[in-house]
Structures are given as C-alpha cells and as structure tokens.
Amino acid sequence: MSLQPFVGANVSRLMRRLERTSLFDTPAGFDEPLEMLLGCHRRIEKQLETLKRLRAHIEAHGVDAEASIAAQNILKYFRQAAPNHLEDEERDVLPMLERRIGDDAEADRFRAFRESLESEHRLLESTWSRLRKPLEGISEGLTRTLQADDVKAFVDAYQRHISAEEATLKDLVDRWLDEGDRRMLGRAMAARRGAQAPRA
C-alpha cells in the first residue's frame with residue numbers, strides 16, 4: 001500500500017507538494033484562538049491518517065525512504081505542535097472558562113468536563129510514548145515495526161478527544177468569553193510558540 005498522498009516515492013516531488021499544501025492551507029491566526037485550536041484538530045487528523053498508512057506501508061514494503069519521511073513528519077508534529085495544543089487548553093482556555101462561567105450548575109458540569117479532558121491528555125501522552133521510539137528508528141531508516149494495537153489506541157483516543165472537545169468547547173467559548181478574553185488567549189498562544197502576538 002502506498003503512502004500517497006501523504007508521502008510520495010520521489011522526495012523532491014514530496015517536498016514540492018508539501019510546500020503547495022502549506023501555501024493554500026493557511027491556519028487561523030492568533031487573533032482567532034478558538035478557530036486556531038479547531039484548525040489544529042484538522043491537522044492532527046491528517047497526521048493520524050499518515051500514521052495508519054505508515055503502519056500498513058511498513059507491513060507491505062518494510063522501512064524505505066517513503067516510510068522514513070512519513071515518520072519524520074509525524075514526529076515533528078507530535079513533538080512540537082501537538083504539545084503546544086494541549087498546553088493551550090490546559091494552561092489558558094480551560095482555566096479561563098472555569099473563571100468566566102457564571103452559572104453554578106454549568107460550572108459544575110464544566111469542571112467535570114475539564115477533568116475528563118485533562119485525563120484524556122495524560123492518556124494521549126502515555127499512548128504516544130509507546131509510538132515515539134519505533135517512529136524515531138523508522139525516521140532514521142532502521143527496521144522497526146509499529147504495533148497495530150498501539151496505533152489503533154492512539155488514533156482512537158485522539159478521535160474521541162477531538163469529538164468531545166468540539167461538541168462542547170465552541171459553545172462554551174462563544175457564550176462565556178468576550179473579545180478581551182480572546183485577545184488574551186491569542187497572546188498566550190503566540191508567546192508559547194515564540195510568535196508575534198496579535199495587535200490589540
């Protein structure tokens with residue numbers, strides 16, 4: 001099974017395709033923090049698809065140049081962008097919502113929701129730790145395998161997590177956070193990435 005369209009057999013062709021994708025798949029900026037978080041979900045889903053295809057590719061073809069490139073891309077995302085995304089939620093979005101929700105009953109429901117999300121974050125980190133080492137080997141061209149159970153556990157956990165967040169988070173942000181809150185979130189998210197904060 002080929003890893004197309006996620007990685008191509010020809011490295012230079014792959015790089016040109018990735019450059020074109022980045023030009024036309026512009027994420028939301030820090031002045032739209034919720035949209036940026038939701039955009040991260042779409043990019044996570046793309047990486048999960050690549051991971052599933054990579055496992056099938058290695059079973060059929062072993063560790064080749066295509067597999068190494070795919071592993072490098074997956075590692076880059078889950079080492080950098082994904083941890084930032086989790087920190088955005090745990091350090092900024094969820095604490096701010098907890099402070100702003102003014103209805104006692106809804107605040108109680110939110111605290112249970114937050115606890116569940118943060119518990120899922122720990123599960124995602126634990127599951128990722130089982131995939132990281134073999135992916136590092138594959139990225140260097142070493143013969144390694146990705147366990148089907150580990151891949152499925154990681155993909156399933158992320159899919160459940162994304163569904164739970166999207167079913168609840170947008171409504172909460174829209175109802176309880178004002179423009180000043182959104183600017184504050186955008187500045188925090190930018191600082192976490194060493195980027196320029198949006199203008200007030």
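**Salt bridges in the predicted model**

R192 is partly exposed, at 22% relative accessibility (buried means under 20% relative accessible area, exposed over 50%, partly exposed in between; 1.4 Å probe, protein chains only). The structure is a predicted model, in which local features need pLDDT of at least 70, side-chain atom pairs count only at pLDDT 80 or more, and totals for chains, interfaces and linings use all residues. Residues are numbered from 1 along each chain as its sequence is written, and side-chain values use heavy atoms, with hydrogens and water left out.

A salt bridge is a side-chain nitrogen of Lys or Arg within 4 Å of a carboxyl oxygen of Asp or Glu. The count by this rule is 23 salt bridges.

R192 forms a salt bridge with E87, at 3.3 Å from N to O. This pair links distant parts of the chain: R192 lies in helix α6 (residues 179-192) and E87 in helix α3 (residues 65-100), 105 residues apart. Helices (H or I, at least four residues) are DSSP runs, numbered from the N terminus. E87 is partly exposed, with a relative accessible area of 29%.

A salt bridge also joins E98 and R114, whose closest N and O atoms are 2.8 Å apart. E98 is partly exposed at 27%. R114 counts as buried at 18%. Shared partners join E87, D88, R91, D92, R192 and R193 into one salt-bridge network.

E49 and K52 pair at 2.9 Å, N to O, in a salt bridge. Both lie in helix α2 (residues 33-61), three residues apart, about one turn of the helix.

Terms used: Helices (H or I, at least four residues) and strands (E, at least two) are DSSP runs, numbered from the N terminus.
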